Amino acid sequence: EISLGLVGSEMCIRDRAGQYAGGTGASECTDCLAGRFSSAVAKTTCAACIPGKFAGSAGATKCADCGKGQSTRSTAAQTECQACESGRFATIAGQSKCNGCAAGQFGNTTGRWLESDACHVCPPGTSTSGALAQTACSECEAGYYAPSPGLSYCVACASGRFAEEPRSTVCAACAPGEFAGHENTTLCTACPPGFSNNDTEQSACKVRACVRACVRACVRACV
């Protein structure tokens, strides 16, 4: 049996779902291209599969969901889905894009759908500097540290402390006779002549007692 697909002045023979009338007076119906579909007869155009769905062959009557661990990366009219990149995952079917691992985590395998399989915490001494969907963690710079796993950012050493090497997990205290006057110090500085301190973890040096005595003597001599 021959059926006619008719919309306005456009007609084609043997019109069915998955096809469309290609133009005015067309005698043959045309299959929808892969990535597009037609769910009813007598259509003049085929609709694009929305992001998260695909049609792998011509003549589709509907689009299929991307599987778990896949997406169309927010793009419509796709003929196939792509595996989630490293640092990403898709927990349900039909996702238009894969979710990114949280800051402080990284992923180094593709096509994962469980977050627990896709994402791993950064080890101590590293971070992702606040970024999501990372494939690796970055070492803390000298002057910074990460004392525990899974930190989004490395922490600056406080004044009076220092971290000479990258990837530090702790900042060391400045020794007596040294100081670190600001945060993120990589080395402590020796107190200048006439100044000292007797404690660790100092942010400044104090004038030595003998210097103060000399200043007082000079002031009295000039009065």
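The following paragraphs lead the reader through the structure, from its overall build to its individual side-chain links.

The model is predicted, so local features are considered at a pLDDT of at least 70 and side-chain atom pairs only at pLDDT 80 or more, whereas totals for chains, interfaces and linings use all residues. Residues are numbered from 1 along each chain as its sequence is written, and side-chain values use heavy atoms, with hydrogens and water left out.

The protein contains two helices and 24 strands. These elements are DSSP runs numbered from the N terminus, a helix being H or I over at least four residues and a strand being E over at least two. Of the 223 residues in the protein, 26% are buried. A residue is called buried under 20% relative accessible area, exposed over 50%, and partly exposed in between, as judged with a 1.4 Å probe and protein chains only. The accessible surface amounts to about 12400 Å², and carbon and sulfur atoms account for 53% of this surface. Such areas come from the Shrake-Rupley method with a 1.4 Å probe, and for residues only the protein chains shown count as cover. Among contacts between residues at least 6 apart in sequence, 38% join residues at least 24 apart.

We turn next to the disulfides. A disulfide is a pair of cysteine sulfur atoms within 2.5 Å, and the structure holds 10 of them. One of them joins cysteine 32 to cysteine 46, with an S to S distance of 2.0 Å. Cysteine 32 lies in the loop between strand S4 (29–31) and strand S5 (36–37), and cysteine 46 lies in the loop between S5 and strand S6 (47–48), so this pair ties together parts that are 14 residues apart in sequence. The torsion about the S-S bond of cysteine 32 and cysteine 46 is about -80 degrees, and the disulfide is therefore left-handed. Cysteine 32 is buried at 0% relative accessibility, and cysteine 46 is buried with a relative accessible area of 12%.

Another disulfide joins cysteine 66 to cysteine 81, with an S to S distance of 1.9 Å. Cysteine 66 is found in the loop between S8 and strand S9 (70–71) and cysteine 81 in the loop between S9 and strand S10 (82–83), so the link ties together parts that are 15 residues apart in sequence. For cysteine 66 and cysteine 81 the torsion about the S-S bond is about -80 degrees, so this disulfide is left-handed.

With -85 degrees about the S-S bond, the link of cysteine 174 and cysteine 188 is left-handed. Cysteine 174 and cysteine 188 are buried.

Charged side chains provide another kind of link. Side chains of opposite charge can pair when their charged atoms come close. A salt bridge is counted when a side-chain nitrogen of Lys or Arg is within 4 Å of a carboxyl oxygen of Asp or Glu, and by this rule there are four. In one of them, aspartate 65 pairs with lysine 53, their closest N and O atoms being 2.4 Å apart. Aspartate 65 lies in strand S8 (residues 64–65) and lysine 53 in strand S7 (residues 53–54), so the pair ties together parts that are 12 residues apart in sequence. Aspartate 65 is partly exposed at 40% relative accessibility, and lysine 53 is partly exposed at 26%.

Another salt bridge is formed by glutamate 201 and arginine 161, with the closest N and O atoms 3.0 Å apart. Glutamate 201 sits in the loop between strand S23 (195–196) and strand S24 (206–207), and arginine 161 sits in strand S19, 40 residues apart. Glutamate 201 is partly exposed at 39% relative accessibility, as is arginine 161 at 22%.

Finally, lysine 68 lies over the face of tryptophan 113, at 4.3 Å from the ring centre. A charge sits over a ring if NZ of Lys or CZ of Arg is within 6 Å of the ring centre and within 35 degrees of the ring normal.

Methods: Contact = heavy atoms within 4.5 Å.
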